[in-house]
Amino acid sequence: MAELYTKQAEQYAEGRPCYPPEMFDFIASKTPCHDLAWDVGTGSGQAARSLAGIFKNVIATDTSSKQLSFAPRLPNVRYQHTPPTMSSAELECNVAPQSSIDVVTVGQALHWFDLPNFYEQVKWVLKKPHGVIATWCYTLPQVNESVDALFQPFHYVSVDPHWDAAHKFIFDMYRTIDFPFEPVDGADHTGPFQFVTERLMDLDDYFTYFRSRSAYQIAREKGVEHLTNDVIEKFKNAWTEDGLDKKVVKFPIYLRIGKVGNL
């Protein structure tokens with residue numbers, strides 16, 4: 001999947017939403033120390049930027065060097081290109097020593113991972129027993145009744161056949177994805193906890209987001225163009241119906257969060 005997102009790295013950086021501060025405040029409230037965070041599958045650094053305002057240092061890794069090239073450069077964030085799988089020695093060299101990380105975060109990427117292998121790495125690097133892993137996905141954008149009424153059937157009929165099977169976890173709001181961790185303090189379950197992020201977008205921004213999605217790239221490689229002239233015209237009519245060029249677009253977010261405990 002790294003190669004897939006490499007082809008649309010610029011659209012991803014421009015089109016994807018950032019995440020709400022209250023979600024990071026919630027995550028930080030469950031971590032006793034705020035020394036070191038590891039953002040896995042950081043892409044173009046949407047989560048790393050927010051973590052940098054809370055944690056002393058952030059390690060942000062991705063298997064796509066092209067995606068990392070679009071990430072914001074910050075003094076307390078170290079971006080690291082990593083292979084899809086790492087040995088313990090590589091993990092210590094590329095990321096951090098054993099039991100040294102306060103929180104591991106994964107935004108909109110966990111469904112791509114080799115979960116058994118990844119979770120072993122998480123348990124190796126997190127501090128015991130209160131080290132936290134937080135992972136989230138966001139689902140379909142919500143604009144208004146007219147645009148959403150057009151987007152929903154278009155998404156489920158035209159786009160759905162081109163999603164990778166891993167996307168079933170997003171459609172299920174990460175409820176069924178394997179997550180073998182203990183509830184954090186103050187919670188009796190690991191989620192999903194719901195948040196929402198908002199972004200002011202015009203129609204071009206909306207289309208840029210659409211083109212950043214993996215299903216769009218998969219379809220194009222098969223010779224299928226989702227955004228035909230006819231589809232674009234329909235979206236233009238729906239978008240301009242209220243006379244507003246820019247609109248607040250909402251993305252529902254679903255967070256799973258847990259602590260490593262005593263292994």
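Buried means under 20% relative accessible area, exposed over 50%, and partly exposed in between, with a 1.4 Å probe and protein chains only. Helices (H or I, at least four residues) and strands (E, at least two) are DSSP runs, numbered from the N terminus.

This is a predicted model, in which local features need pLDDT of at least 70 and side-chain atom pairs count only at pLDDT 80 or more, while totals for chains, interfaces and linings use all residues. Residues are numbered from 1 along each chain as its sequence is written, and side-chain values use heavy atoms, with hydrogens and water left out.

**Stop 1: helix H11**

Select residues 214-221, helix H11. Six of its eight residues are buried, so H11 is largely enclosed by the rest of the structure. The buried ones are Ser214, Ala215, Tyr216, Gln217, Ile218 and Ala219. Glycine 223 follows H11 and has a positive phi, near 85°.

**Stop 2: the sheet**

Now show the strands. Seven of them form an open sheet in the order S3-S2-S1-S4-S5-S7-S6, with mixed pairing. Two strands pair if DSSP finds at least two bridges between them. Strand S3 (77-81) and S6 stand at the edges with a single partner strand each, so one side of each has no neighbour in the sheet. On average, neighbouring strands are turned by 20° against each other, direction ignored.

**Stop 3: strand S7**

Select residues 247-259, strand S7. Eleven of its 13 residues are buried. Strand S5 (residues 132-138) pairs with S7 in the antiparallel sense over seven bridges. Look for valine 132 opposite lysine 259 in S7. Strand S6 (residues 193-201) also pairs with S7 in the antiparallel sense, over nine bridges. Here phenylalanine 193 stands opposite leucine 255 in S7. Arginine 199 stands opposite valine 249 in S7.

**Stop 4: helices on the sheet**

Axes are lines fitted to C-alpha atoms, for helices over the stretch in contact, and angles run from 0 to 180 degrees between N-to-C directions.

**Stop 5: serine 44**

Finish in the loop between strand S1 (36-40) and helix H4 (46-51), where serine 44 is found. Serine 44 counts as buried because its relative accessibility is 4%. Its side chain makes a polar contact with the side chain of glutamine 46 (3.0 Å). A polar contact is a pair of N or O atoms within 3.5 Å; within protein, one must be able to donate a hydrogen and the other to accept it, and residues adjacent in sequence count only if both atoms are side-chain atoms.
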